[in-house]
Amino acid sequence: MDDQTFAQPAAALRDARSVVILTGAGVSAESGIPTFRDTMEGLWASFDPQQLATPEAFARDPGLVTRWYDHRRLGCAACEPNPGHLALARMEREICALGGEFTLLTQNVDGLHRRAGSADPVELHGSVMTWRCSETGEAVTPPPPPAPWPGFPPKSPSGAPVRPDVVWFGEALPEEALERSFDALSSCDLLVSVGTSAVVYPAAGFIEVAVANGARTIEVNPKDTPMTPIVTWALRGPSAGILPLLVERAFD
Ligand code: BJW
């Protein structure tokens, strides 16, 4: 990708006073975490993530669903943030040092933005690292990685199955996460969407909200998405390569 491709989006980033970032699974791909819609590997090859990430699947087979999530919990814990996560953490420091506002909205449940140094990411779909009683909602701490839960489904002290603290299809996103998202979207002048297929709502709709509010938008993804036709600039490629270049062009 030539230098010219970055000139306008980098200038928009440098000049922005209020920036919203929306990330999806692609930002963690180069950390070794498969994207949500990737084919599953190994023992999980015959399962469809879209079928497992539902309250119905948990009700039907809590042992299977919690085993899958614990496999992912331990996988995420064994991975490290990549240059894309680190570039977003630097972007936040640069924007804030200039007196601007910065909000990172992530659909990811892997905790890698926080580990990369992002100050206060909004975890729209929760976290696979924290778990709770499916009946009372009380937090139940999993064994520290690399240890798995001793059995599946794990049980809370009251004997109810324990579930990951993530948002499944058909469940509401956390109220505070939605409030922070719409606050930031109402005043941002630049939204950067990174590594999301932009098909899962309400997060996919955030791009439309930002456009409707007059913000300019950058999409970072190796492929087109349903939102590509409405973004201002589409930067094609893996985010671990694109984001560091964008941040360097804007702030060095
Ligand atoms: C790279 C790359 C590299 C590859 N670099 N990029 C409006 C219209 C239609 C339907 C709905 C609607 N509103 C709500 C719905 C229903 C539903 C929905 O959206 N369905 C659609 C599928 C049609 N939404 C919901 O159910 C939501 N709840 C809700 O709306 O509740 C309403 C309610 C209100 C009050 C009471 C009760 C209910 C909840 C959605 C929750 C989604 N949860 C999941 C699972 C989380 C736990 C887990 O991880 O297992 O979240 S589903 C899954 O999709 C996961 C992801 O966060 C999410 C988004 O996926 P993402 O991140 O975009 O990943 P991929 O794999 O799809 O894409 C990866 C991208 O990366 C690709 O584009 C690649 O090209 C790219 N890439 N390598 C950069 N190196």
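Q: Two strands pair if DSSP finds at least two bridges between them; with that in hand, what is the order of the open sheet of three strands in this predicted model?
A: Let's start with β4 and β5: strand β4, residues 126-133, pairs with β5 in the antiparallel sense over two bridges. The three-strand open sheet has antiparallel pairing, and its strand order is β5-β4-β6.

Q: Why is one side of β5 and of β6 left without a neighbour in the sheet?
A: The order of this sheet is β5-β4-β6. Strands β5 (139-140) and β6 (162-166) are therefore at its edges, and one side of each lacks a neighbour because each has a single partner strand.

Q: Which strands form the edges of the six-strand sheet?
A: Here the pairing is parallel and the sheet is open, with the order β3-β2-β1-β7-β8-β9. An edge strand pairs on one side only, and that describes β3 (122-123) and β9 (233-235).

Q: Which residue in β9 is the bridge partner of E219?
A: Strand β8 takes in residues 216-220, and three bridges join this strand to β9, the two running parallel. For E219, the bridge partner in β9 is A234.

Q: Moving on to the domains, how far apart do the C-alpha centres of domain 1 and domain 2 lie?
A: Both domains are built from separate stretches of the chain: domain 1 takes 3-32 + 81-125 + 173-251, while domain 2 takes 37-78 + 128-166. Between their C-alpha centres the distance is 28 Å.

Q: How many residue pairs are in polar contact between domain 1 and domain 2?
A: Where the domains meet, seven residues of domain 1 touch eight of domain 2. The buried area is about 520 Å², with 53% of it from carbon and sulfur atoms. On the domain 1 side, the contacting residues are three nonpolar, two polar and two charged. No salt bridges are found across this interface, but the number of residue pairs in polar contact is two.

Q: Which helix holds both D70 and R73?
A: The structure has ten salt bridges. In one of them the side chains of D70 and R73 meet, with 2.6 Å from N to O. These residues are three apart, about one turn of the helix, and both lie in α4.

Q: What is the omega of the cis peptide bond that joins F152 and P153?
A: To find this spot, look in the loop between β5 and β6, where P153 is placed. The bond between F152 and P153 is cis, and its omega is about -5°.

Q: What is the phi of A198, which is not a glycine?
A: The peptide bond from Y201 to P202 is cis, with omega near 10°. A198 also has its place in the loop between β7 and α8. Its phi is positive, at about 55°.

Key. Residues numbered from 1 in each chain as written. Predicted model: local features only at pLDDT ≥ 70, side-chain atom pairs only at ≥ 80, totals over all residues. Heavy atoms only, no water. Domains from an automatic or database assignment. Contact = heavy atoms within 4.5 Å. Buried area = accessible area lost by both parts, 1.4 Å probe. Salt bridge = Lys/Arg side-chain N within 4 Å of Asp/Glu carboxyl O. Polar contact = N/O pair within 3.5 Å; in protein donor to acceptor, adjacent residues only side chain to side chain. Nonpolar A, V, L, I, M, F, W, Y, C, P; charged D, E, K, R; others polar. Pairing = 2+ DSSP bridges. Helix = DSSP H or I, 4+ residues; strand = E, 2+ residues; numbered from the N terminus.
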